[in-house]
Amino acid sequence: MSAKAVLEITGKELLYKHLKCSAPLGNVFKCVGVSQDTNWTQLLLQDHLWLMKERLVVKPDQLIKRRGKLGLIGKNLDLKATQAWIEQRMGMETKVGAAKGVLRSFIIEPFVQHEQADEFYICIYAERDGDVILFHHEGGVEVGDVDAKALRLKVPVEGSLDEDHVKQTLLVNVPPNRRDILSNFLISLFRFYEELYFTYLEINPLVITDTGIYVLDLAAKLDATADYLCKVKWGEFEFPPPFGREAYPEEAYIAELDAKSGASLKLTILNPKGRIWTMVAGGGASVVYSDTICDLGGVDELANYGEYSGAPSEQQTYDYAKTILSLMTRYHCEDGKVLIIGGGIANFTNVAATFKGIVRAIKDFQAPLKEHGVRLFVRRGGPNYQEGLRVMREVGHTTGIPIHVFGTETHMTAIVGMALGLRPIPDRLPTDVHTANFLLNSSTNSNVSHSQDLQHHLIDVAGKQTPLFSPSTKSILWGMQSRAVQGMLDFDYICSRPQPSVAAIVYPFTEDHKQKFYWGHKEILIPVYKNMGHAMCRHPGVDVLISFASHRSAFQSTVETLEYPQIRTIAIIAEGIPEADTRKLIKLANEKGVTIIGPSTLYRPGSVGYVSRSGGMSNELNNIMSRTTDGVYEGVAIGGDRYPGSTFLDHVLRYQDKSEVKLIVLLGEVGGTEEYQVGEAIKSGVVTKPVVAWCIGTCATMFASEVQFGHAGACAHREAETAVAKNRALAAAGAFVPKNFDELGEKIRVVYNDLVTKGDIVPTPEVPPPTVPMDYSWAQELGLIRKPASFMTSICDERGQELLYAGMPITEVFREDMGIGGVLGLLWFQRRLPKYASKYLEMCLMVTADHGPAVSGAHNTIVCARAGKDLVSCLTSGLLTIGERFGGALDSAAKQFSHAFDSGIIPMEFVNKMKKEGHLIMGIGHRVKSLNNPDMRVQILKDYAKQNFPATPLLDYALEVEKITTSKKPNLILNVDGLIGVVFVDLLRHCGSFTREEADEYVEMGVLNGIFVLGRSMGFIGHFLDQKRLKQGLYRHPWDDISYVMPEHMTM
């Protein structure tokens, strides 16, 4: 959603903080919000002592209109009376229009004594080609119909105001002595409105007295999509729900998921005790399902509105689904409940992946779902949808939950009638002959219809002489969207295009290279450029750019694109570009004669000409046309934002001029007024071809409070923008308008058959399209092939929403405070170790972290660092010295002592045997430490093992060996390597987490040296940083520390 209402106190605080006006503004920052939790004592201490000194005004601050007429304003009260006024109304249920709500939030301000003549009305709101300022010299409660009364000034996009123009246009009825101050205020207010990305700002009344200007009542909406531009100026606040609807924590949770995801996840709870719940994929489809439920009499039982789209992951869909299931199993209903899992035909979303997330949630909630008598009705299409439908049917069979599953062979909203008991549930229908992302040329009587020639044709934009597309059109894509590119290439191939329509890709975050794609069975390379200028220079024949830039970067990248005259058409996929930026793009594109399709759009070619808001619903329209007509000539989705780059009329006029188009279909929606232009064109005779039209969103007028649907522009700000009003106007103009979306296909069929009967359309024989090979990934998901993996892993899985260590979510690792030792247990041993074992691992890392700069590994690291090498190179040079002579004795010591102990030979025998064989005993001996100068590291670890381990037989054996060796030399002690080795074997064998075979296997693998490598890496990094910090130069070993010994015959 773009335009979102803010509380009056939020709007006023922004005004007082950011309005730059030379006119004196009164009561600046003298406004406070009060709720049930307000502490009045603290409130007075927070710079609000004026509450005790001034007469006050108090009113609810919950997006309630006409509070004065409803008796919801307390005027000219002292603080005590104000508190009593609030206390009397706090928590009171109030009805405002059709909405019932509880009063919870109030705003208090100073009372301004004034006359009626001091009141004025101001409103600024956005339109497609500019901003409108309404001004009336009489304001207040009785202002009446301001649209009819007020004077109007339209400021074009990127236009400006001057005082003379404002006075001559808006202030002609204002007393002369007030015109200067008002014109100055209006200009400053408009600048404030623009800079903070407001879409609506109303002040009624604005009061002007001899002491200054006072903003008494304010209503405002901000463009929420501009959050990333205005966050610093806006500060922290929350957009409130409409009056009559509570803010639920589940809504906030889904909003948080949405903010963290590249997908779209929306949820509005309408009636938490409702019987009918929905989980719909797609912004347009979600509106259609709500319309159908309401049209069939389910408005009072509809529990929620929401949608998931934009290719959410399995984990994201699981989180969304479990939230819905949790809500719907909270309250019982005698008649049971229904869950409608619907959607149109997806563009890029992997239906199987999202359905697997839903299936996981169903399994988790199977007991409460059965308890509440929940029945599920599923209908979906799109990439890999057959696998998605299969797993959905399967979970119904395994859990015993009634789940009725349908694909594209069933009309999109047919499941609504089934769910409400108004339509019979058919047996399983035959599936369509197409799969994941390609068509199967396996049937001559396929339901899917195509025109004989699927090539694009020259099409002229109304008011622009440049064609949008031709049979040889070449495009550049902005953004690395491999799946979208492959989809376009597959469609080109099906259409029998001689060459791909994608010439190049622009992606600023990589160097120039080439990317591999498929053209039918053949692999091809498409160039990728870092710089747009390079792409344009290398491909001068390209005249279309398709932008997959995010809503944050789409504006700037489109402005850059418009600098290249060769580009005549730009399609913007992103939804949620700030409205002010969108209008600037439209203005700039019109000046340059460039057509913009979008934001939020997709393009689909074919025989009947249709234009839609929704990209997802375009696929559904293609499906409807293929079953009711001879196919689609061309289809365009202009985008779901409030101000798309091109309008419905632009494309309807193109279809009117195309002799190949005989029937025009328009799918509009609630919000905006562009559909009226089409109605006027029909009525005036400019459009003479039959137009079948329907505007979705008719349910909006049935809800008690305002609902923002999935698309940013799908919200009616006045009666004329409602879907009901627009459908009525289109029918009156002469368009063919069905009763509801359910009957849209039948209406198209009737009009089409009439055209065939008249001879205006002569159906052509069907030509089967060529087969596109199945992608390997889809075939694998469908279970058609199998292939051994190149790699196997069992310790970590990063594919889901949350990282897993040996199956344990990372959040649980932190919640249980497992520490580094616990993580090593998971990643090295695939199990949770006892606390004492994890602690021992951490102690080993601590004692092996460093042993001074003189040892070989540290020495190498230091020399490398002083040679100017990077951290990884220096660390590697130190690690490469680790072996049996330095640090690598842990494994050898563990193996030698274990073998001797397991063989049953006594310590003296072991010592004598090793001496006889001429082998050193690994882990025995130290250059510096001895019996008289013990190594405290050894003592610490030995004491810990004795105090905490269940048994230490190998350690005891090693200590007996130490007694023998130190009797010969006092420095032949059990050193830290040896102690770590033997104690670790005791840990593996006796902690209860490993079998004897597993313990021995880990020792053989070399896990003990891993402890030394990991621990000593910390010290090596420390030496690297130390040398850099000390600014040490290149090291050269001194000559006097080198003995030069040359061969005698060489020195003669």
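Author: Tyr836 and Phe949 are both buried in this predicted model. Their ring centres lie 5.5 Å apart and their planes meet at 55 degrees, so the pair is tilted; an angle over 60 degrees would have made it edge-to-face. Tyr836 belongs to helix 28 (residues 835-847), while Phe949 sits in the loop between helix 33 (936-948) and helix 34 (953-966). The two residues are 113 apart in sequence, so the pair ties together separate parts of the chain.

The structure holds 22 aromatic pairs. Another of them joins Trp85 and Phe106, with 6.1 Å from centre to centre and 85 degrees between the planes, which is edge-to-face. This pair also links distant parts of the chain: Trp85 is in helix 4 (residues 79-89) and Phe106 is in strand 7 (residues 106-110), 21 residues apart. Trp85 has a relative accessible area of 10% and therefore counts as buried, the cut-off being under 20%. Phe106 is buried as well, with a relative accessible area of 1%.

Rings can also be joined in a group. Trp828, Phe829, Phe984, Phe994 and Tyr1002 are linked by ring pairs into a cluster.

The charged end of Arg360 is placed over the ring of Tyr318, at 4.0 Å from the ring centre. Over the ring of Tyr331 sits the charged end of Lys273, at 5.3 Å from the centre of that ring.

How values were computed:
Residues are numbered from 1 along each chain as its sequence is written. This is a predicted model: local features need pLDDT of at least 70, side-chain atom pairs count only at pLDDT 80 or more; totals for chains, interfaces and linings use all residues. Side-chain values use heavy atoms; hydrogens and water are left out. Rings of Phe, Tyr and Trp (its six-membered ring) pair if their centres lie within 6.5 Å; planes under 30 degrees apart count as stacked, over 60 as edge-to-face and the rest as tilted. Helices (H or I, at least four residues) and strands (E, at least two) are DSSP runs, numbered from the N terminus. Buried means under 20% relative accessible area, exposed over 50%, partly exposed in between (1.4 Å probe, protein chains only). A charge sits over a ring if NZ of Lys or CZ of Arg is within 6 Å of the ring centre and within 35 degrees of the ring normal.
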